[in-house]
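Good morning, and thank you for coming.

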Amino acid sequence: MKLKNILIVVKDIEKSKQFYHDLFGLDMVLDNDGNMILTEGLVLQDKRIWEEFLEREIIAENNSCELYFEEKDIEGFVEKLEKLYPSIQYVNRLMVHSWGQKVVRFYDLDGNLIEVGTPM
């Protein structure tokens, strides 16, 4: 068995596509009308479609999972994040863990938790 994709729910696929392109360089692979696959296997699913399918409310900022990215130049990444998305909501600004890894955590435009850390 092979994990193929990670799906996150978004309110506006076009805005989310731009966000993930701006910050992480992800590009669209397939647009299937409310279900968009980006490079690296990230799938953006329209919130209305997902709620209808699950018959459940979507809870933003639920902190039950995160998307994790690694970046060698994390200071440069944080500068880009602050320049392009100055009103982004942080969970923690750039910090250093006791084991020496630098990380920043924030929510995307729809409350999906993202961590960016230096490679270990």
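How do the residues of the lining of the largest pocket divide into nonpolar, polar and charged? Before I answer, a word on the model. It is predicted, so local features need pLDDT of at least 70 and side-chain atom pairs count only at pLDDT 80 or more, while totals for chains, interfaces and linings use all residues. Residues are numbered from 1 along each chain as its sequence is written, and side-chain values use heavy atoms, with hydrogens and water left out.

Now the answer: twelve residues of that lining are nonpolar, five are polar and five are charged. Here Ala, Val, Leu, Ile, Met, Phe, Trp, Tyr, Cys and Pro count as nonpolar, Asp, Glu, Lys and Arg as charged, and the others, Gly among them, as polar.

In general, rolling a probe the size of a water molecule over the atoms shows where empty space is left. A pocket is an open set of points on a 1 Å grid over the protein atoms alone, where a 1.4 Å probe fits, with protein on both sides within 12 Å along at least five of seven lines; lining residues have an atom within 4 Å of a point. The largest pocket has a volume of about 420 Å³, a volume being the space filled by probe spheres set on the points, which are joined across faces, edges and corners. Of its 22 lining residues, Val 9, Ile 58, Ile 59, Asn 62 and Asn 112 lie nearest the centre. Strand E1 gives the largest share of this lining, five residues. Strands (E, at least two residues) and helices (H or I, at least four) are DSSP runs, numbered from the N terminus.

The second largest pocket has a volume of about 170 Å³. Its lining includes Leu 3, Glu 40 and Phe 69, and strand E5 (residues 67–70) supplies the largest share, three residues.

Let us turn to a hairpin. Strands E2 (residues 28–31) and E3 (residues 35–38) run antiparallel and are joined by three bridges; two strands pair if DSSP finds at least two bridges between them. Asp 31 stands opposite Met 36 in E3. In the turn of this hairpin, Asp 33 has a positive phi of about 50°.

Finally, consider His 97, in the loop between strands E6 (90–96) and E7 (102–107). Why does His 97 count as buried? Its relative accessibility is 15%, and buried means under 20% relative accessible area (1.4 Å probe, protein chains only).

Note on methods: Buried < 20%, exposed > 50% of the residue type's maximum accessible area, 1.4 Å probe, protein only.
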